[in-house]
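Let's take a walk through this structure together, starting with the whole chain and ending with a few of its residues. Have the model open beside you as you read.

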Amino acid sequence: MITVKNLQKSFGGNNVLKGIDITIQKGEKVVVVGPSGSGKSTFLRCLNLLEVPTGGEVWFEGQNITDPKTDINKLRQKMGMVFQQFNLFPHLSVMENITLAPVKLKLQTQAQADEQAQRLLARIGLSDKAHTYPNQLSGGQKQRIAIVRALAMNPDVMLFDEPTSALDPEMVGEVLEVMKELAHEGMTMVVVTHEMGFAREVATRVLFMDNGQILEEAPPERFFGAPKNDRLKEFLSKVL
Ligand code: ADP
Ligand code: MG
């Protein structure tokens with residue numbers, strides 16, 4: 001589904017991604033961990049061209065998204081993204097947040113989008129919030145809405161950038177629960193997180209990023225149980 005070849009990204013003289021290579025198959029759940037500033041967000045943002053790579057290639061469903069001839073907007077519709085800070089539109093109701101993109105892009109009529117939004121809200125137990133505004137929601141509710149807003153586009157892959165890092169601890173579980181359900185339904189997911197329990201339970205592969213490179217990648221049992229890289233060992237000794 002996604003192939004990344006020698007991906008590089010610099011900001012001025014700062015080489016943030018120093019040659020990332022990875023292939024992600026349909027249905028995989030790839031969890032990315034690593035210290036702050038190691039380039040995790042930049043990597044994720046390069047996957048859907050929110051950041052334009054300075055070198056290398058990103059292929060998505062057989063198309064080179066870094067080729068200027070590719071219609072990135074079309075491809076981006078197939079890649080849902082969830083951010084640490086929710087990024088809901090504050091002036092729109094929950095329903096409007098969820099239905100805006102599919103209607104605006106003419107993928108659905110307003111009636112179809114409304115019906116789908118009701119279904120998605122029911123699924124996360126927030127039907128009663130359909131007509132409220134983001135500032136009336138808890139952080140956990142906002143993030144669950146942000147997830148279903150992304151799902152309303154029927155994406156083929158979901159990218160999560162530290163989706164629980166801005167939440168009060170008691171709200172982390174409800175968001176991880178929605179993500180786990182999504183994983184069990186077969187969604188392809190790339191998740192940057194510090195939630196090691198989630199990585200152990202859900203990941204098909206865990207990547208360790210440090211200083212703009214992937215230093216280790218392994219299934220969770222091996223990643224946590226028998227790490228090879230010294231910097232990963234040190235990282236795990238701090239976070240576990
Ligand atoms: P992480 O998500 O692992 O914490 P980031 O990808 O956010 O790391 O950042 C990696 C490095 O890239 C940091 O040194 C950060 O300052 C730099 N960086 C990220 N985005 C930008 C930007 N838009 N402009 C300049 N520097 C950036
Ligand atoms: Mg980050």
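The chain has nine helices and ten strands; helices (H or I, at least four residues) and strands (E, at least two) are DSSP runs, numbered from the N terminus. Its radius of gyration is 18 Å, close to the 18 Å that the globule rule gives for 240 residues, so the chain is as compact as a globular protein of that length. Here the radius is taken over C-alpha atoms, and the globule rule is 2.2 Å times the number of residues to the power 0.38. The C-alpha trace spans about 50 × 45 × 30 Å along its principal axes.

Before going further, please keep in mind that this is a predicted model, in which local features need pLDDT of at least 70 and side-chain atom pairs count only at pLDDT 80 or more, while totals for chains, interfaces and linings use all residues. Residues are numbered from 1 along each chain as its sequence is written, chains are lettered from A and ligands numbered from 1 in the order in which they are written, and side-chain values use heavy atoms, with hydrogens and water left out.

How much of the chain is buried? Of the 240 residues, 52% are buried, where buried means under 20% relative accessible area, exposed over 50%, and partly exposed in between (1.4 Å probe, protein chains only). Contact means heavy atoms within 4.5 Å; among contacts between residues at least 6 apart in sequence, 65% join residues at least 24 apart.

Now for the aromatic rings. Rings of Phe, Tyr and Trp (its six-membered ring) pair if their centres lie within 6.5 Å; planes under 30 degrees apart count as stacked, over 60 as edge-to-face and the rest as tilted. By this rule there are two aromatic pairs. The rings of Phe208 and Phe235 have centres 5.3 Å apart and planes at 40°, so this pair is tilted. It links distant parts of the chain, with Phe208 in strand β9 (residues 205-210) and Phe235 in helix α9 (residues 230-239), 27 residues apart. Phe208 is buried at 1% relative accessibility, and Phe235 is buried at 10%. In the other pair, Phe223 and Phe224 have ring centres 5.2 Å apart and planes at 75°, so they sit edge-to-face. Phe223 is buried at 0% relative accessibility, as is Phe224 at 9%.

Finally, find Gln63 in strand β5 (residues 63-64). With a relative accessible area of 38%, Gln63 is partly exposed. Leaving aside neighbours within four places in sequence, Gln63 is in contact with Val58, Thr70 and Leu75. Gln63 and Leu75 are twelve residues apart in sequence and 8.8 Å apart in space, C-alpha to C-alpha.
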